[in-house]
Amino acid sequence: MYKVDLNSDLGESFGLYKIGSDEEIIRTVTSVNVACGIHAGDPMVMDKTIKMCMEHGTAVGAHPGFPDLQGFGRRQMQMKKGELKNYILYQLGALDAFARLHGTRLQHVKPHGALNNMMPYSEQYSREICEAILAFDPELILVAPTNTMTLQMARDMGLRTVSEVFADRAYQDDGYLLSRSCPEAVLTDEDEAIKRVIRMIKNKTVISVTGKEIPIQADSVCIHSDSAIALNYAKKVRKALEAEGIVLCSMKEMLG
């Protein structure tokens, strides 16, 4: 039996600025990564997002990023030793307060944006993310891109992990995501992207931008929420996976 989690990055609105169709997507996915107020989100949005997740039975995780509201956390930042660990702890503590308010606990941690892209290449960043999680709550699951050093380091340090793939992103020959700066980085053909997701789950492989077949572990599929077609696409992905007999469940349910 094939099992997979569907996750989406939500809670990214702040102040007067509304981003995404959060409530509708919360009903469609099985796990939500909630912005923690540094790259996006604010206390009111964190509160509202977790409340909606509780109403619809969707698992809640933290989506910490770089302190870069203007750049939406998508600009690379260089940090001194120990700084990133503290920024992660700060964000986990903020979101956890609202989780406790609504009678739940965080399920996982998925780094955001540029941080998520940098950590597979940085031993320092990978280690500090893992150290922050272990210091805060060693039962939390770390979500990281498949085939990365970060996943192996987390396992070696005793963390539970989930290997994440992206429905709409192109992959390099090394199994890492192709940079968004490349024109072919984002797939625009929804049907082709869905076929590829099913292949990743069932065959455990993906075709890279050069046509090479590479191994991949698809525990969780990320559905991006910050586009006009995000909601319809999320529903389409879910329907296709269910039609293939793939069981959708949260990360915690998958790991047991």
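The side chains of Glu 123 and Arg 127 meet in a salt bridge with an N to O distance of 3.7 Å, a salt bridge being a side-chain nitrogen of Lys or Arg within 4 Å of a carboxyl oxygen of Asp or Glu. The model is predicted, so local features need pLDDT of at least 70 and side-chain atom pairs count only at pLDDT 80 or more, whereas totals for chains, interfaces and linings use all residues. Residues are numbered from 1 along each chain as its sequence is written, and side-chain values use heavy atoms, with hydrogens and water left out.

**Salt bridges**

- Glu 123 and Arg 127 both belong to helix H5 (residues 123–136), where they stand four residues apart, about one turn of the helix; helices (H or I, at least four residues) and strands (E, at least two) are DSSP runs, numbered from the N terminus.
- Glu 123 is partly exposed at a relative accessible area of 48%, and Arg 127 is partly exposed at 33%; buried means under 20% relative accessible area, exposed over 50%, and partly exposed in between (1.4 Å probe, protein chains only).
- Salt bridges with shared partners link Asp 96, Arg 100, Arg 105 and Asp 137 into one network.
- Asp 96 is buried at 7% relative accessibility, while Arg 105 is partly exposed at 45%.
- A salt bridge of 2.5 Å, N to O, joins the side chains of Asp 68 and Arg 75.
- Asp 68 is buried, with 6% relative accessibility, and Arg 75 is partly exposed, with 44%.
- Over the whole structure, the search finds 13 salt bridges.

**Helix H5**

- H5 has 14 residues and spans 20 Å from its first C-alpha to its last, close to the 20 Å expected at 1.5 Å a residue; the expected span is 1.5 Å times one less than the number of residues.
- The buried residues of H5 are Tyr 125, Ser 126, Glu 128, Ile 129, Cys 130, Ala 132 and Ile 133.
- The elements that cover these buried residues include helix H3 (83–101), strand E4 (108–109), helix H4 (113–118), E5 and H6.

**Asn 116 in helix H4**

- Asn 116 lies in helix H4 and is buried, with a relative accessible area of 4%.
- Apart from neighbours within four places in sequence, Asn 116 is in contact (heavy atoms within 4.5 Å) with Pro 111, Pro 145, Glu 164 and Phe 166.

- Most residues other than glycine have a negative phi.
- Asn 147 sits in the loop between strand E5 (141–145) and helix H6 (149–156), and is partly exposed at 34% relative accessibility.
- Lys 204 likewise has a positive phi, near 60°.
- Lys 204 is placed in the loop between helix H7 (190–203) and strand E7 (205–207), and is partly exposed, with a relative accessible area of 42%.

**Cysteines**

- The count of disulfides, each a pair of cysteine sulfur atoms within 2.5 Å, comes to zero.
- Cys 222 is in no disulfide, and the nearest cysteine sulfur, that of Cys 53, is 14 Å away.
- Cys 222 is buried, with a relative accessible area of 1%.
- The sulfur of Cys 249 is too far for a bond, because the closest cysteine sulfur, in Cys 53, is 16 Å from it.
- Cys 249 is buried at 7% relative accessibility.

**Asp 219 and its surroundings**

- Asp 219 occupies the loop between strand E8 (213–215) and strand E9 (220–222) and is buried, at 13% relative accessibility.
- Asp 219 and Lys 3 are 216 residues apart in sequence, and their C-alpha atoms are 7.5 Å apart in space.
- Not counting residues up to four places away in sequence, Asp 219 touches Val 4, Asp 5, Val 162, Ser 163 and Met 254.
- The side chains of Asp 219 and Gln 217 are joined by a polar contact of 2.9 Å; a polar contact is a pair of N or O atoms within 3.5 Å, where within protein one must be able to donate a hydrogen and the other to accept it, and residues adjacent in sequence count only if both atoms are side-chain atoms.
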